[in-house]
Amino acid sequence: MNAMMIKGGTDIARFLKKGSLAKLVKAALPHYANFLDEHGEQAAYFLLEELEQGLIEALQDMLAGKDVDDANVKQASEILKQAEFINAATGAARAQSSE
């Protein structure tokens, strides 16, 4: 979706509140908060592999029926909150670019 917007000439970054991507990555990988603070949200690119691995592990745990604790539920809630914010911003950008 973002690639289509960039290809179509829409600058997705101008529709996102500064730091929104960093908040999302920090919610998923809280142990990298200092790294993102030091290097900015463009450093999130270097965390893609770890984000992918974490997602795979979470899905495997879910499929295996492993119990989740309150911390996991809280973390998942924060990730969803940040993802919904970014999704809403990209949806608005798409609507504006199609006008």
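Student: Is Asp37 buried or exposed?
Tutor: This is a predicted model. In it, Asp37 has 52% relative accessibility, so Asp37 counts as exposed, because the cut-off for exposed is over 50%.

Student: What does the side chain of Asp37 meet in a salt bridge?
Tutor: The side chain of Lys26, with 2.4 Å from N to O. The pair links distant parts of the chain, eleven residues apart: Asp37 is in helix 3 (residues 33-39) and Lys26 is in helix 2.

Student: Why can side chains pair like that?
Tutor: Side chains of opposite charge can pair when their charged atoms come close.

Student: And Lys26, how does that one count for accessibility?
Tutor: Lys26 has 26% relative accessibility, so Lys26 counts as partly exposed. Partly exposed lies between the buried cut-off, under 20%, and the exposed one, over 50%.

Student: How many salt bridges does the count come to?
Tutor: Two salt bridges. Besides the one between Asp37 and Lys26, there is one between the side chains of Lys66 and Asp61, at 3.5 Å from N to O.

Student: Which relative accessible areas go with Lys66 and Asp61?
Tutor: Lys66 has 52% and is exposed. Asp61 has 34% and is partly exposed.

Student: New topic. Where is Ser20?
Tutor: Ser20 is in helix 2, which covers residues 20-28.

Student: Buried or exposed?
Tutor: Ser20 is at 4% relative accessibility, so Ser20 counts as buried.

Student: What does Ser20 touch?
Tutor: Leaving out residues up to four places away in sequence, Ser20 touches Glu41, Gln82, Phe85 and Ile86.

Definitions and conventions. Residues are numbered from 1 along each chain as its sequence is written. This is a predicted model: local features need pLDDT of at least 70, side-chain atom pairs count only at pLDDT 80 or more; totals for chains, interfaces and linings use all residues. Side-chain values use heavy atoms; hydrogens and water are left out. Helices (H or I, at least four residues) and strands (E, at least two) are DSSP runs, numbered from the N terminus. Buried means under 20% relative accessible area, exposed over 50%, partly exposed in between (1.4 Å probe, protein chains only). Contact means heavy atoms within 4.5 Å. A salt bridge is a side-chain nitrogen of Lys or Arg within 4 Å of a carboxyl oxygen of Asp or Glu.
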